[in-house]
Amino acid sequence: MTMLDDLTTAATWPAAYPEGYAVVDVETTGLARDDRIVSAAVYRLDARGEVEDHWYTLVNPERDPGPVWIHGLTSDVLAGAPLFPEVAAELAERLDGRVLVAHNAIFDWSMIAREYARAERTAPTRQRLCTIALSKELGLPLPNHKLESLAAHFGVVQQRAHHALDDARVLAEAFRPSLHAAARDGVRLPLLECLPLTEWSDAPARPRVGYQSSYRPTSWRPSRKRPACPYPNPGRYAPGEPLTQGMRVAFSGDTSVDRELLEDRSVEAGLHIATSVSRLTSLLVTNDPGASTSKTVKAASYGTPVIDEAAFTQLLRDVAPARGSVPAPAPAPEPERLPLSAPFPADG
């Protein structure tokens, strides 16, 4: 037992903390609304983060598996895997009554919610906890928000990156000391509500050259004010170089990934979301650079670099840290937080 464990055990454990957690990782065919889960893993943890059991499954996405070079799952491997409706009940049993924990939890939750909606079911998940948000609450001195950085901080060794079971194991092992540190210091856990997706359209999307299909917007995610970017603007993006935290990024036109999800991923990587294009804009992301929108016209006049969505999502995987010391992160909006003194909601 470590000294941290001794101190945490000796102290009073916060009564309002959840009774259990489901640490989740999913690998998918992509990031868009019509992309599918190809594998899923769950580590069930008790109230103090101790592992109770783990579970893993492949899922036949009924389509091209997407970035095989990332998750390693080919069409041949997935051909004999169960369909999501065939594993939905088993997954639900592991999520029921627990807080869903994931690294960039909005992504894992949105993919799971969509799969359940397609299967005409509802995931029994009421709250989620993002380990990126928790590391910010704890003020961990991480160079970036990658899972490997969080793992390295706690001395957790990753064996197979982008394998759902190993990613979930690594996250579970890194979450436990994070949870104990939060309990020791009386930190309020950054719990957010999980609103299920209750409507889904399986109507075939009209293909467009250079685009992935996307579904109509739904109201299943509440709009909210984003916190200010804590990093200074390092200037314009240089083609061939990585993105840098603090860069001002604007979006124009349709995107295959849900726009709010794409913006969430950008903010969590340390980028600033710009609602318009100015001389200070670092980059414009658009799938239609020839369109005469106000943003593309201004980008052309200012000489602002322009790239498409696919290139941008690739760059999002490895955003360079801001120059100099890392500032304290801006606080997340309060309305979605669950106060430490509030009782944990009843299981749904």
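Close view of one residue

Guide: Val 38 counts as buried because its relative accessibility is 0%; the term buried means under 20% relative accessible area, exposed means over 50%, and partly exposed lies in between (1.4 Å probe, protein chains only). The model is a predicted one, in which local features need pLDDT of at least 70 and side-chain atom pairs count only at pLDDT 80 or more, whereas totals for chains, interfaces and linings use all residues. Residues are numbered from 1 along each chain as its sequence is written, and side-chain values use heavy atoms, with hydrogens and water left out.

Val 38 belongs to strand E2, which spans residues 37-46; strands (E, at least two residues) and helices (H or I, at least four) are DSSP runs numbered from the N terminus. When residues up to four places away in sequence are set aside, the contacts of Val 38 (heavy atoms within 4.5 Å) are Glu 27, Thr 28, Thr 29, Leu 58, Val 59, Pro 61, Pro 65, His 71, Leu 73 and Leu 78. Pro 82 stands 44 residues from Val 38 along the chain, and 9.9 Å separates the C-alpha atoms of the two.

Two of the pairings can be followed in detail. E2 and E3 run antiparallel and are joined by seven bridges, with Leu 45 facing its bridge partner Val 51 in E3. Further along the sheet, E4 and E5 are parallel and share three bridges; here Val 101 has Leu 129 of E5 as its bridge partner. Along strand E5 (residues 127-130), Gln 127 and Leu 129 point one way while Arg 128 and Cys 130 point the other way, and all of these residues are buried.

The contacts of Ile 112, apart from neighbours within four places in sequence, are Val 24, Val 26, Ile 37, Leu 95, Leu 100 and Ala 123.

The view may now be widened to the packing. A nonpolar core is a set of buried Ala, Val, Leu, Ile, Met, Phe, Trp, Tyr and Cys residues joined through side-chain atoms within 4.5 Å. The largest such core has 33 residues, of which Val 24, Phe 84, Ile 112 and Tyr 116 touch the most other members. At least two residues of this core come from each of strand E1 (20-28), E2, helix H4 (84-95), strand E4 (99-102) and helix H5 (105-118). With nine residues, H5 gives the most. There is also a second, separate core of 32 residues, whose members include Leu 45, Val 101, Leu 140 and Ala 182.

Conventions:
Two strands pair if DSSP finds at least two bridges between them.
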